[in-house]
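Open the model in your viewer and keep the sequence panel beside it. The tour below goes from one selection to the next and says what is found at each stop.

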Amino acid sequence: MALERFSGAAEYVLIPTLAVALSLFLFGIFVALFGKNPLDLYFYMYQGAFGSWFSWQNTLTRAAPLILTALCTALPAQLGMVIIGGEGALLVGALSATAAALVMPAAPPVLVQITMAIAGMAGGGLWIALAGSLRHYRGVNETISSLLLVSIALAVLNHLVEGPMRDPTSLNKPSTAAIGAANMIGSIPGTDIHWGLIFGIVAAILAYILIYHTVFGFAARIAGGNIRAAKIVGLPVGRLILITCFLAGAAAGLAGMVEVAAVQGRTNANLAVGYGFTGILVAFLARHNPLAIIPVAILLGGIGASGGLLQRRLGLPDASVLVLQGIIFVTVLASDSLYGRFRFSARKET
Amino acid sequence: MPLDQVSRRRVLQGTAALTLAGTLPLQRAFAKDTVVGFIYVGSRDDYGYNQAHAVGAAALKKLPEIKVIEEEKVPETDAVEKTMESMINLDGATLLFPTSFGYYSPHMVKLANKYPKLRFEHCGGLWGDKDPKNAGSYFGYIDEAQYISGIVAGHMTKSGKLGFVAAKPIPQVLRNINAFAMGARLGNPKATLQVIFTGDWSMPVKEAEATNSLIAQGVDVLTCHVDGPKTVVENASRRGAMVCGYHVNQATLAPNAYLTGAEWNWEELYPRFVKMVVAGESIPNFYRGGLKEGLVKVSPYGRMVSEAARKQADDVKAKLMAGGYAIFQGPLVDNKGKTVIASGTARGQTDPELEKMDYLVEGVIGATS
């Protein structure tokens with residue numbers, strides 16, 4: 001029995017690892033077709049992503065926002081919802097956090113930072129809760145509505161940044177006023193990695209506990225498995241949807257707050273770089289398991305970090321990294337069909 | 001195979017050696033191959049902003065003892081900080097060109113403070129007295145070239161209606177629009193210039209829609225200020241309109257419709273910068289210039305450009321090259337009838353007032369907000 005459980009857990013590690021290895025092999029063939037040596041490719045990918053402390057920091061910095069935005073897709077997925085609007089929640093979170101900092105210029109930095117985090121989470125949370133309530137009350141498909149809400153968030157951001165919230169001195173790069181150097185949250189001591197990484201890891205662990213070790217999470221998963229059955233046994237499906245969507249959006253909103261408070265120092269169009277969209281990829285690769293999101297985000301962060309080295313050393317275009325991401329996505333999703341088969345063979349052996 | 005093994009090992013050794021070199025005084029680092037890093041926000045073959053810089057980088061590759069490394073599609077986030085550091089730590093770059101406007105603050109400034117012995121050169125003209133001394137920001141007065149394009153466009157339009165596809169109503173863009181319109185009205189005092197703002201730097205679908213809608217309104221010469229003018233140039237020429245290019249020469253995209261264009265001349269500036277660095281001189285932190293200083297240029301005229309257009313354009317160009325000619329001089333009225341530059345006032349290129357431009361001049365159809 002113990003062995004069976006072990007082999008069950010092992011396949012959750014083994015299958016994705018094999019899928020990623022297969023993707024790297026396929027990518028090697030792809031690169032070889034361009035006349036580059038695949039061994040060079042693997043070497044530079046390793047060097048750029050994990051080859052030194054500098055490379056590790058590069059990787060982890062890129063992974064930080066992805067953990068939080070991936071949670072925006074992974075949490076509603078427990079209820080069977082496909083939310084792909086994390087980008088919108090990130091932008092609204094960033095805007096709310098910036099606005100919060102700007103209305104309290106004289107407050108002590110710690111207070112400003114906490115308020116920014118709360119404002120960012122509330123903004124992002126309400127944004128995705130909007131998609132959730134449209135689904136629950138009006139029957140609007142949450143995938144489409146959350147995606148369209150990204151465009152609305154971007155339009156709102158551009159409007160505010162180029163209009164009411166614009167810093168008049170930001171002539172050629174419309175931006176809000178800066179939140180001030182004292183209010184920046186800085187890096188984890190001894191590193192170049194900002195606090196977003198820790199926030200992300202903590203949020204992922206909390207999400208894991210919520211989903212697998214609380215009544216709320218259990219109810220959410222029941223509703224995700226069969227929403228009619230959940231209603232019949234009297235589960236508050238509407239409340240589950242709204243709260244889960246709020247928490248999901250809050251994670252992405254926090255990512256937006258971190259981008260402002262740790263990286264940009266202000267809100268402008270630079271924030272819309274697709275962390276929310278890469279987060280969808282991370283969530284699907286992690287099969288919506290919050291703990292699995294952490295290594296997957298680091299893997300994708302590493303691919304991003306090594307992408308530059310591939311361009312510089314091998315002369316590969318930037319799009320080659322997207323090709324690799326695409327191959328990984330397809331092989332990992334295809335490998336879904338392998339689950340259970342390993343366990344079956346393991347059982348026969350015992 | 002063995003060759004590859006060697007090259008990998010050598011790369012490792014090289015990395016170690018260069019990291020070591022980074023800690024030595026700057027002159028020592030420059031004594032060997034100088035590694036120059038270029039970072040682009042978009043794709044380096046976009047027939048536009050990024051390609052103009054890549055052409056400049058390519059000019060450096062011809063110089064002896066210079067090694068150029070490039071990375072494209074780097075967003076204006078901490079990703080660009082990591083790219084710069086990666087170029088420094090893994091490739092030994094000692095001179096960096098982060099070429100996008102949004103790379104400057106806080107990203108490049110942060111890195112310049114962190115690596116005080118290395119040199120950072122940003123495109124955008126943003127350097128201020130409080131910024132690190134090893135950082136610089138250069139820019140070209142490309143509105144001079146737009147002015148010349150405008151003269152040609154004014155002569156060549158039959159309908160008297162010109163079109164401008166623009167990204168955002170920010171001072172830099174407005175200055176180009178106004179210069180183009182004023183140039184056009186030198187060639188044809190009755191010409192009007194209709195502007196459409198797409199809202200962002202790279203919006204190919206909106207750029208195509210804007211081009212179509214301008215042509216449908218009778219516009220027969222178009223130009224643009226977006227990151228990649230390819231969409232506008234190809235679409236306009238396919239629909240029988242003429243075009244003036246921007247950023248780089250797009251004549252190959254539309255040989256029968258390309259009149260002229262306003263181009264950056266980075267292929268001349270970058271070798272100039274690198275030679276200064278190698279010679280141990282310092283590049284001025286704030287470096288600007290126009291046609292005269294060779295930072296911008298005008299595309300060669302297309303075959304269809306008339307004699308009269310060539311003559312007037314060449315005359316004005318000669319005046320700009322000679323210096324002392326102000327494009328923006330009073331009395332200048334905006335398109336709402338308000339006087340924006342009083343009679344008798346001439347605003348030369350270096351006038352800081354022009355950096356705050358928030359109006360469209362008379363003859364431009366469109367609004368800044």
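In which loop of chain B is D200(B) found? Select D200(B): the loop runs between β7 (192-197) and α8 (204-216) of chain B. Helices (H or I, at least four residues) and strands (E, at least two) are DSSP runs, numbered from the N terminus. This is a predicted model, in which local features need pLDDT of at least 70 and side-chain atom pairs count only at pLDDT 80 or more, while totals for chains, interfaces and linings use all residues. Residues are numbered from 1 along each chain as its sequence is written, and chains are lettered from A and ligands numbered from 1 in the order in which they are written.

D200(B) counts as partly exposed because it has 16 C-beta neighbours inside 10 Å. A residue is buried if 20 or more other C-beta atoms lie within 10 Å of its own, exposed if 12 or fewer, and partly exposed in between, with C-beta atoms placed from the backbone.

Next, select A367(B), in the segment after β17 (364-365) of chain B. A367(B) has 11 C-beta neighbours inside 10 Å, so it counts as exposed. Between A367(B) and Q194(B) there are 9.8 Å in space, C-alpha to C-alpha, although they are 173 residues apart in sequence.

Go on to strand β9 (residues 242-247) of chain B, where six of six residues are buried. β9(B) has a parallel partner in strand β8 (residues 221-225) of chain B, joined to it by two bridges. Two strands pair if DSSP finds at least two bridges between them. L222(B) has V243(B) as its bridge partner in β9(B). Strand β10 (residues 258-264) of chain B also pairs with β9(B) in the parallel sense, over five bridges; here G245(B) has G261(B) as its bridge partner.

Select helix α9 (residues 230-238) of chain B, which together with β8(B) and β9(B) makes a right-handed β-α-β unit. Right-handed means that, with the strands pointing away from the viewer, the path from the first strand over the helix to the second runs clockwise. Among the buried residues of α9(B) are V232(B), V233(B) and A236(B). The buried residues of this helix pack against β6 (161-166), α8, β8 and β9 of chain B. Just after α9(B), look for G240(B), with a positive phi of about 85°.

Return to V243(B). Two residues are in contact if their C-beta atoms, placed from the backbone, lie within 7 Å. V243(B) is also, with I177(B) and L222(B), among the residues with the most contacts inside the largest nonpolar core, which has 111 residues. A nonpolar core is a set of buried Ala, Val, Leu, Ile, Met, Phe, Trp, Tyr and Cys residues joined through C-beta atoms within 7 Å. Helix α7 (residues 171-187) of chain B gives the most to this core, with eight residues. Another core, of 109 residues, lies apart from it and includes A129(A), L310(A) and L90(B).

Last, show chain A, with 14 helices and zero strands. Of its 350 residues, 49% count as buried.
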